[in-house]
Amino acid sequence: MIERIWSGRSWLYLLLLPFSALYGLISGLRWLSYKTGLSQSWKAPVPVVVVGNLTAGGNGKTPVVIWLVEQLQKKGYRVGVVSRGYGGKAENYPLLVTKNVTTAQAGDEPVLIHRRTGAPVAVAPKRVAAVKALLADTLLDIIVTDDGLQHYALQRDFEIAVIDGVRRFGNGWWLPAGPMRELSGRLNRVNAIVTNGGTPQTGELSMTLAGALAVNMVSGEKRAVNLISQAVAMAGIGHPPRFFATLQQLGADLQKEYPFADHQRYTEDQLRHLADANQNLLMTEKDAVKCFSFAQSNWWYLPVDAQLPQEKGQAMLREICSLLATNNNIK
């Protein structure tokens with residue numbers, strides 16, 4: 001239902017417009033407060049790059065964060081990541097993510113990013129606190145924030161907005177009548193726009209998510225998706241149909257599809273009933289990080305990597321690296 005409302009295919013969004021107007025007013029006043037200096041923002045001693053979005057729901061933001069972290073690491077930079085940690089609840093914040101920190105504490109994205117990149121990751125509702133915790137714990141050259149485009153208390157040196165190229169901005173309204181956290185005019189103030197799928201517009205960098213080898217969650221075996229027989233797919237992400245469509249494009253032998261809410265926590269009993277002994281359960285990597293402790297031998301996950309156009313992607317990377325060239329904390 002919410003997809004129909006946000007896409008403009010249902011007139012029910014009209015009933016929510018007063019609440020959207022209030023949301024927009026509060027959002028605008030908050031930005032203006034930081035812009036005019038009425039509210040204080042904090043400047044980190046190292047460059048900060050924000051990777052965020054304008055809409056609620058999954059846009060492919062985390063793969064862009066991982067791509068950026070890995071690209072900077074290849075160039076020898078020490079990269080830290082901060083996140084709000086949606087879906088997690090820790091006893092104390094800020095929380096530094098280690099191999100012993102669970103998704104129930106930190107949220108799924110921070111654990112996934114740390115697992116994939118090895119970069120130090122800190123989680124806190126206030127990202128300024130997370131950045132300070134990282135800098136106090138380790139020597140870093142640059143900070144990448146997973147989400148936080150609207151978190152103006154933290155000053156940033158470079159902003160990347162990630163857009164779902166298929167759904168884009170729906171009916172264009174603020175929450176809750178539409179999917180917008182900020183209206184599309186906000187794109188005029190970002191440094192780069194990355195479009196996940198669909199057809200990019202002028203000035204946007206097209207991105208695709210690539211992954212063909214699924215990984216067994218118990219043995220670590222890698223296998224082409226089209227060679228996994230009788231697959232049952234599940235996804236607890238912002239837009240599960242995207243994952244199911246990816247599996248179909250890879251030739252998966254799909255028997256059933258189970259969409260779950262984003263950031264949903266799972267139990268062993270809940271998932272064991274999705275696939276019988278003759279079937280294979282196939283999930284996203286974001287789901288897998290929550291399930292390794294009770295994974296079964298017929299459970300698999302599909303890692304995906306962001307692929308950006310070589311020339312434009314490297315141009316964006318050079319612009320980010322130029323921020324480091326003048327920073328005293330560079331190696």
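Guide: Let us begin with a single residue. Phenylalanine 260 is placed in the loop between strand E12 (254-259) and helix H8 (268-272); helices (H or I, at least four residues) and strands (E, at least two) are DSSP runs, numbered from the N terminus. This is a predicted model, in which local features need pLDDT of at least 70 and side-chain atom pairs count only at pLDDT 80 or more, while totals for chains, interfaces and linings use all residues. Residues are numbered from 1 along each chain as its sequence is written, and side-chain values use heavy atoms, with hydrogens and water left out.

Visitor: Is phenylalanine 260 buried or exposed?

Guide: Buried means under 20% relative accessible area, exposed over 50%, and partly exposed in between (1.4 Å probe, protein chains only). Phenylalanine 260 has a relative accessible area of 16% and is therefore buried. Leaving aside residues up to four places away in sequence, phenylalanine 260 touches Met234, Ala235, Gly236, Ile237, Pro240, Tyr266, Gln270, Leu271 and Leu274, contact meaning heavy atoms within 4.5 Å.

Visitor: Which residues of H3 and H5 make the contact?

Guide: H3 contributes Thr62, Val65, Ile66, Val69, Glu70 and Gln73, and H5 contributes Glu109, Leu112, Ile113, Arg116 and Thr117.

Visitor: How many residues of H5 are buried?

Guide: Seven of the 10 residues of H5 are buried, so H5 is largely enclosed by the rest of the structure. They are Asp108, Glu109, Pro110, Val111, Leu112, Ile113 and Thr117. Among the elements against which the buried residues of H5 pack are H3, strand E2 (79-83) and helix H4 (103-106). Glycine 118, whose phi is positive, near 75°, follows H5.

Visitor: Which residues touch the most other members of the largest nonpolar core?

Guide: In soluble globular proteins, nonpolar side chains tend to be buried together. A nonpolar core is a set of buried Ala, Val, Leu, Ile, Met, Phe, Trp, Tyr and Cys residues joined through side-chain atoms within 4.5 Å. Of the 40 residues in the largest one, Leu68, Leu72, Ile160, Met316 and Ile320 touch the most other members. H3 supplies the largest share of this core, seven residues.
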